[in-house]
Amino acid sequence: MSTPSKPSDFTQKLSELEAITEWFESGEVDLNQALTKFERGMELTEELKKQLQDVENRVQKIRAKFDGTAPHQDAEVLEPPLLPE
């Protein structure tokens, strides 16, 4: 399981992606800069999607724990009875 990202890391990446989007919307787009910014935007998008997926997975585990659909960590593990030979 990956380590959770700090909220500031997520916020920083989202802010950078928003700045790139605003740059594209400004109309003052240089082709070479656009390619570099587009690539960075795609990298940020993938990183943010992964972070959001990790959070969603954690939320599902927490919900399952409280809905009673997941085994509790402290639950006693029962072994099946031995069959006579």
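The model is predicted, so local features need pLDDT of at least 70 and side-chain atom pairs count only at pLDDT 80 or more, while totals for chains, interfaces and linings use all residues. Residues are numbered from 1 along each chain as its sequence is written, and side-chain values use heavy atoms, with hydrogens and water left out.

Let us begin with the charged side chains. A salt bridge here is a side-chain nitrogen of Lys or Arg within 4 Å of a carboxyl oxygen of Asp or Glu. By this rule there are 6 salt bridges.

One of them joins aspartate 9 to lysine 13, with the closest N and O atoms 3.5 Å apart. Where do these two sit? Both belong to helix H1 (residues 7-25), 4 residues apart, so about one helical turn separates them. Helices, like strands, are DSSP runs numbered from the N terminus; a helix is H or I with at least four residues, and a strand is E with at least two.

Now move on to helix H2 (residues 31-67), where glutamate 46 and lysine 49 are 3 residues apart, about one helical turn. They form a salt bridge whose closest N and O atoms are 3.5 Å apart. Glutamate 46 is partly exposed, with 46% relative accessibility.

Helix H2 also holds aspartate 54 and lysine 50, which are 4 residues apart and again separated by about one helical turn. Their side chains meet in a salt bridge of 3.3 Å, N to O. Aspartate 54 is partly exposed at 26%, and lysine 50 is partly exposed at 47%.

Finally, look for the nonpolar side chains. Phe24, Val29, Phe38 and Met42 make a nonpolar surface patch of about 360 Å². Patches are made of residues with over 30% relative accessible area and no salt bridge; like charges are joined within 9 Å, and nonpolar side chains (Val, Leu, Ile, Met, Phe, Trp, Tyr) within 5 Å. Of these residues, methionine 42 lies in helix H2 and is partly exposed, with a relative accessible area of 43%.

Definitions and conventions: Buried < 20%, exposed > 50% of the residue type's maximum accessible area, 1.4 Å probe, protein only. Areas by Shrake-Rupley, 256 points an atom, 1.4 Å probe, with all protein chains shown as cover.
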